[in-house]
Structure formats: structure tokens, C-alpha cells
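Here is a short briefing on a structure. Please read it with the sequence and the coordinates open.

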Amino acid sequence: MNIFVCLKQVPGTTDVKINPETNTLIRQGIPNIINPFDTYALEEGVRLKEKYGGKVTAISMGPPQAMDILKEAISLGADEAVLLSDRAFSGADTWATAFTLAGAVRKSGPFDLIICGRQSTDGDTAQVGPEMAEMLDVPFIAYVGQIEEILNGEIRLQRLIDEGHEVLQSSLPAVITVSKEINKPRLPSLRGIAKSRSAKIPVWTLQDVGLDPDKVGLNGSFTRVVKIFTPERVKKAEMLQGEIETQVDCLLEKLKATRLI
Amino acid sequence: MQYFLTEEQKTIKDLARKIAEERILPVRAQLDEKEEFPWSIMKDIADSDLFRIFVPAEYEGLGYGCLELCLALEELSRACSGVAISFAVSALGSYTLIDYGSETLKRKYLPDIASGKKLAAFALTEPTAGSDASAIRTTAEKVAGGYLINGTKQFITNGGEAAVYTIIALTDKSKGTRGASAFIVDKDTPGFTFGKKEKKLGIRASATRELVFQNCLVPEENLISRPGMGFIMAMKLLDKSRPSVGAQAVGIAQGALEAAYDYTQQRVQFGQPLILQPVVQNMLADMALQVEAARSLVYAAARNVDSGKDYTESSAMAKVFASDVAMRVTTDAVQLCGGAGYMKDYPVEKMMRDAKITQIYEGSNQVLRSIIASELRKRKAANK
């Protein structure tokens, strides 16, 4: 099994602040972590390798400091890692990101499975996985909650749906995105950390991947972020006065006026 | 306080803290309440390679020393020393084999201990032999095909859970302590059974049982070193492992200090947080300085062990001092948290119960003080 796991570096907080002048995330003082959903993808990749043999390659597109999460991926069981980093890649939307990742996977040779987290905790789009599958022209399955078996070039798995789960079978190669129900990610090991310290992780630029500069980064993005803002939390309270009946009438009026009833 | 740890030592400490916070903290109250052996955490510890710390590299370990083991234990104990001791005793049960065992015996047992597939335990104490370890009665009689073991070991940590036991038994009753020998006994050896699981004041996640040997035949190659070396090896083992009891105590005390600090910061009385009261600040300051002094002594003692020079006295000092600190600091933590601290909804009462054993096991603090005093006299006599 030749497995790729896509990882995104995200701010390790749920309390995201935005700089109103530049419309970008304020990253100072916030440690970067592996997108929590991606840790399940990595764990599943490592478990599949342990069961069926093969190799797990962690791949990420991002600034040079994204190297940290790739080293962490090696401490958690990935065999190799590749960082896609180039100024030309910056400002990418999901399409341009998927295009770059897919290009890097294609360059690495034949693969059996690409595993992604179901979505990132900062962008929350859940689009990169399916876009990659489309670009690589392979089947795609989202919200995978369990992989039942891989046999004779086919994968059988469970896709989580609101009412329970569906059992699906697909040919390989394929792209899947996994849900957090799929496993419990392991902690790093001392030997893994030692390995990650000495690991040589290549950095691939636009030229290395050999992609059209007009199809990556901001140039290759179909969408633009026009504005980002922290929604203001407005709390208003009004105390109704008078007799109970007057209060009830008043409340009804207000609910009707705001079309809540 | 800086202890100038190496990158590898910091990695071990950080990893142990991660395990403590992510895997131990959420379940420690439940493990304590239900007296549940923490098998799933033992698996996490194993997967993180922490059992490899104390096993030499030739036997699939990482070949680290006493200080590295202490760093891991301190962090695990900060969350729950009942879990930490279950891990630590695997080291205690392996050191005699590591230091004196035959190549064959080491190859057979150590790789599985390093991977965490098997836990180890050490058995010296008996109903008649606590502080007076020389009063043991368990015998190992030389017969065709090995040694026939008869007797009962008491209060054995990891008893019933461990797969590998290092036990001390008399091969020659006429020679007293010079007639004691050490053996490796597998859990499933016929004639080897376990008594009831003890109900304890603290470290309740750990398992403590009696080991019962009734005509239990152990192959001759399971003898560690020569017959008659058992008592000497056991005493050397305890000298080596005492800093790690100190490390447990430091971890417990650190956890209690942090819990008390958080509580006094949040609790408002007389219109202000408790921590603004000078009397409370005095108590917290005393606790902090005791914990730091204990930590310094434990790390220094662990480095003494790793240097290989004589460490009987420094090990005893570290264990006595740190365990007394743990008892005082946890008691003060309960005091600072007041009525809330006395309740099981808060972690400090557990820490106070857990601290007590560190003053008792692996040499009671009274016995160790007499060892320290005798080392003092020896030094005086040698005019050093």
C-alpha cells in the first residue's frame, strides 16, 4: 500500500482573532498544530500500513514552519514527508490547494490511497479532499467512519450518515476523508521522535512539482476572500413590566414582530 | 529552576506529561474510586516507548538511566501516582535481571518488558519480613530440574497483573541473608498463585497482591547470578530505585501545589481571592520551595546513581526528603482548599492519600534515616 496523508497546519486554538486591517488571522502567540481532523487521517494511514504493509507519506502545503507538523507526523508513524512550499503557492483557495497537492502526488508516482481529514478547523470547507479526487480522476468517499477491509485492489468501508452508516466498496486508488469516529490517534513515541529529529524532509517548490504558475496560489484561485471579521456578539435584554397578563401580551407582540412565531 | 536537562531528557519529560494530561487526568478519579488496574494507560505508555527507558539497547530498550526514569515518573505521578507506580515497578522487577542476569535470561525476558507487552514485579516482603527483610521464610530447594519454591510474599505491587516476577527466596536457610537467592518466575508457572487484591488507602489504581508458592518448580537457569547473592542484590536494587520513589513524591507534591494554587486563585472570601491573603501566600511559598528542594535532591541523587559511584546515602536522602515533602505539601493543599479539598470532587484528597505510601515503601523513612546516620558515622570514622 502506498498511502498519502494530507496534513494542514492550523492555529491551535478555537479562539481565532482577525486583524481588521489586513483581514488575516492573527497568528502571533498561537502555536501551530496539525489540523485535529487530519490526525485521524494520519493514524488511519499508519494503522493500514501496519496491517497491510507499505509506506505512509505525509504531505502538506504551507510556509516553511509547516515543517514542524511534518516532523510530528514522522514521530507519529509516517515513513516519509514532503513539504510543498513556495511563495507562488500562497493565497491559494481550496481549488488551487488541491491542484498543488494532486500535482505533488502525481509527481511521486502511483498511489493506492490518499487520506485527508474531513475538514480543517480554520477554513472548515471540506473541499480539498474531493477536489483532489476529481483532479486525479479517482473515486472519492467522504466521512469515512471505519475501513473494513482492503482486498484485491478494492476497499470496503463505512461512510457515516445522519441515520447511521452506509457500507461502500470502491476500487483503488481512491481518495477518502475520515471522521473522528474512525480511530483514537496514538501519542508520539520516543523512537518516533528520535526518527523525526534526524528525518530529512524535502521541500518542493513550484518548479520541483512542475505546475503551471497560473494554476497555483492566488493566481490559480477561483475564489477570493473579500472580508473576514469576528462577528460581534450583541446581548440585549429587556425586562417586561406590569401585570403578568400585560407581560404575556407584550411578549407575544414582540415574538410576532420578530417573526419568531 | 533550570536543571540543564539534555534535549532527550526534555523529550522524555514532555512526552510523559502529554500522556499524563491526555490519558491519565481524565480517568484518574475513576481509577481511584473503582480500584481499576490501568491497562489501557499501560498500553499508551508502552506505545510511547517509556518502558524502553530502563532497558539496555541490546535488549530492545533505549538504555537510559535513573534520571530519565525519574523524569518520566515525576510527570506521570503529577497526574496519578497509582498509575505511575504500576509503570515504575516494571523497572524495579527488571533491574536485578538487567544488572546480574545471564545473557540467555535477559534475551528471553527483556524485549517483552521493553515493549510493554509484559509487566514485571519484584517480591521481597513477607508477612514476617517488612523492614527486617532478613526475616524472609520463603524457600527455594534445589531439586532435579531446578528449584522448588515454597512460601508467601506479601504486598507485592503489580502482583497478579505482571507476567514476570523477580523473587527472593532462601536457598540455604542455615546461612541467613547469605543464603538468599533471586529467581525469575513466570506468572503461569504451576504452583504459583495469587492471594486477594488488597484494598488500599492510596495508589488505588495499582494492584497489590500476595504471591503464593506451593511446590512451584522453577528451572535452574532462572536463578539470577549465584546462589546466596539474593539479599545483596536486593539491597543494591533498592539503593538504585529509591530516587524513583522520590520522583513519584515530587510529582505528587507538584500536582498538589498546582491544584492548591488554582483553587486559592479562584476562591473568593472576604471579598477577594484567597491568594491575596498573606497567610495563604506564606503557605504556597513554603510548598513551592519544598517541592523545588525535593526535586533538586531527587535529580542529584538520580545523577549519582547514573555515575555508578556509591549512592546508598544519596538515594536514601532523596527518598526520605521527597516523600516527607509530598506528605506535608499534599496535607497543606487539602488545608488550602478547605472543605472543598476534603471532598472527592477535588483531586487533592487523593493526592494526600497517595503521598502516604511514599514514606513507607522501598524502605520506611525511619529505616532510611538510620541508614543515613550510619553512613554519617562511617564517613566520620574514615575521616572524610
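Axes are lines fitted to C-alpha atoms, for helices over the stretch in contact, and angles run from 0 to 180 degrees between N-to-C directions. The model is predicted: local features need pLDDT of at least 70, side-chain atom pairs count only at pLDDT 80 or more, and totals for chains, interfaces and linings use all residues. Residues are numbered from 1 along each chain as its sequence is written, with chains lettered from A and ligands numbered from 1 in the order in which they are written.

**Confidence**
- The model scores ipTM 0.90 and pTM 0.88.
- Chain B has an average pLDDT of 97, and 100% of its residues score at least 70; pLDDT is the predictor's confidence in each residue, from 0 to 100.

**Chain A against chain B**
- Chain B brings twelve residues to the contact and chain A brings seven residues. Two residues are in contact if their C-beta atoms, placed from the backbone, lie within 7 Å.
- On the side of chain B that touches chain A, helix 1 (7-24) and helix 3 (39-47) of chain B are the elements that give two or more residues. Helices (H or I, at least four residues) and strands (E, at least two) are DSSP runs, numbered from the N terminus.
- Helix 1 of chain B supplies the largest share of that side, six residues.
- That side of chain B holds four nonpolar, two polar and six charged residues. Ala, Val, Leu, Ile, Met, Phe, Trp, Tyr, Cys and Pro count as nonpolar, Asp, Glu, Lys and Arg as charged, and the others, Gly among them, as polar.

**Domains of chain B**
- Chain B splits into domain 1 (7-118), domain 2 (121-227) and domain 3 (232-381). These bounds come from an automatic or database domain assignment.
- The C-alpha centres of domain 2 and domain 3 of chain B are 30 Å apart.
- Ten residues of domain 2 of chain B touch eight residues of domain 3 of chain B. The domain 2 side has seven nonpolar, three polar and no charged residues.

**Helix packing in chain B**
- Helix 8 (residues 278-307) and helix 9 of chain B pack at about 155°, with axes 9 Å apart. They are therefore roughly antiparallel. Angles under 35 degrees count as roughly parallel, over 145 as roughly antiparallel, 65 to 115 as roughly perpendicular and the rest as oblique.
- The crossing of helix 8 and helix 9 of chain B is left-handed. A crossing is left-handed if the near helix is turned anticlockwise from the far one by less than a right angle, and right-handed if clockwise.
- Residues of helix 8 in this contact include M287(B) and V298(B), and those of helix 9 include F321(B) and V325(B). The contact has 17 nonpolar, four polar and two charged residues.
- Helix 7 (residues 230-266) and helix 9 (residues 312-342) of chain B pack at about 20°, with axes 8 Å apart. That makes helix 7 of chain B roughly parallel to helix 9 of chain B.
- Helix 4 (residues 66-79) and helix 5 (residues 81-100) of chain B cross at roughly 155°, their axes coming within 8 Å. Helix 4 of chain B is thus roughly antiparallel to helix 5 of chain B.
- Helix 4 of chain B passes helix 5 of chain B in a right-handed crossing.

**Backbone details**
- The peptide bond from L172(A) to P173(A) is cis, with omega near 0°.
- F4(B) has phi near 50°, a positive value in a residue other than glycine.
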